[in-house]
Amino acid sequence: MKIRITIWSLLIITFMGTTLVFAETTDHSVFTDSTQCLQCHGYEGVTMEQDGKMVSIYVDKEVYDASVHASVDCLSCHQFTQGVSSDPTQSCGTCHSGAVDDYQQSVHQNSSYGPSCTNCHGEAHGILPADNPASPVHKKMIIETCGDCHGGVIESYQDSFHGKAVALGAKDSPDCTGCHGAHKVLSKNDPLSMTHPDQKPQLCGECHGNGAIGVNAKEHYTLEPTGYSAPMYWINKAFMWLILLVVGFFLIHIILDLLHRLRTRKQ
């Protein structure tokens, strides 16, 4: 039995080693369709060296087939005859030129944290449609996706009416992209930005009627006893105290009722 296990182990190790060496030395320009690519990249152990580290280049066929790119051939993005770009926006721009043009005008282009297409839409081979609840750009998920970089702002949004409405499933309440845009997110100091003070009445007016909310309207704020959020702060406090009092009186009523029953039973 031990001899048989050893032989199988040697065969597996030899196969893995052969596969990795094959991947490093293969001329990818001879491949013409995804079926050929997946013969190697469908193997879970396949890796390559990148920036001095070994990284996986495995493609899960089931995940890929469930993605929005299932009908797109590997060579549409990986144009090996022209070299592979390390910038996903260049590969994505082949089909999504409008989105990439918008992105290149946004604050995210050349920013210090620099999110790329895959940072927001998910791993390249498993991108789901935006209306899929598991997609990182789904209406409910986009808050967490943006929150990876904008954590403090997201917390204040989740405390707002808009944030709570989206969490409860409201489709008309704006998420991050509803006010800031998706690919063409501009600085609030840019006069063309939807969140620029001059644009805010029009932006808010799309849902609340023109002029209903002025330039001083705030969406990102923390609940404080004074200032813009004071009404919601005190309503929140009053509501919490009301709940505590109701629960407290209910428990006192139960205890007094139990004591009365015990005393009555003894008599």
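This is a guided tour of a predicted model, going from one selection to the next.

Before selecting anything, keep in mind that residues are numbered from 1 along each chain as its sequence is written. Because the model is predicted, local features need pLDDT of at least 70 and side-chain atom pairs count only at pLDDT 80 or more, while totals for chains, interfaces and linings use all residues; side-chain values use heavy atoms, with hydrogens and water left out.

Over residues 238–259 the chain is 100% helix and 0% strand, with the end C-alpha atoms 31 Å apart. Helices here are DSSP runs of H or I with at least four residues, strands are runs of E with at least two, and both are numbered from the N terminus.

**Stop two: helix H13.** Now select Asp-257 and Arg-261, which both lie in helix H13 (residues 230–266), four residues apart, about one turn of the helix. They form a salt bridge, with the closest N and O atoms 2.9 Å apart; the term stands for a side-chain nitrogen of Lys or Arg within 4 Å of a carboxyl oxygen of Asp or Glu. Asp-257 is partly exposed at 30% relative accessible area, whereas Arg-261 counts as exposed at 54% (buried means under 20%, exposed over 50% and partly exposed in between, with a 1.4 Å probe and protein chains only).

Then select Tyr-233 and Trp-234, whose ring centres are 5.0 Å apart and whose planes meet at 85 degrees, so the pair is edge-to-face. Rings of Phe, Tyr and Trp (its six-membered ring) pair if their centres lie within 6.5 Å, and planes under 30 degrees apart count as stacked, over 60 as edge-to-face and the rest as tilted. A search of the whole structure finds one aromatic pair, and Tyr-233 counts as buried, at 18% relative accessibility.

**Stop three: the other salt bridges.** The structure holds three salt bridges by this rule. Select Lys-61 and Asp-65, which pair with their closest N and O atoms 2.8 Å apart and which both lie in helix H3 (residues 61–66). Lys-61 is partly exposed at 46%, and Asp-65 is partly exposed at 40%.

Next, select Lys-139 and Asp-175, whose side chains meet in a salt bridge at 3.8 Å, N to O. Lys-139 lies in the loop between helix H7 (117–121) and H8, and Asp-175 in the loop between helix H10 (161–167) and helix H11 (176–180), so the pair ties together parts that are 36 residues apart in sequence. Lys-139 counts as partly exposed at 24% relative accessibility, whereas Asp-175 counts as buried at 9%.

**Stop four: the largest nonpolar core.** Select Val-137, Ile-142, Ile-143, Ile-154, Tyr-157, Val-166 and Cys-176, the seven residues of this core. A nonpolar core is a set of buried Ala, Val, Leu, Ile, Met, Phe, Trp, Tyr and Cys residues joined through side-chain atoms within 4.5 Å. Helix H8 (142–147) and helix H9 (151–159) each supply at least two residues of the core.

**Stop five: the cysteines.** The structure holds zero disulfides, a disulfide being a pair of cysteine sulfur atoms within 2.5 Å. For Cys-74, the nearest cysteine sulfur is that of Cys-37, 4.1 Å away, and for Cys-176 it is that of Cys-146, 3.8 Å away.
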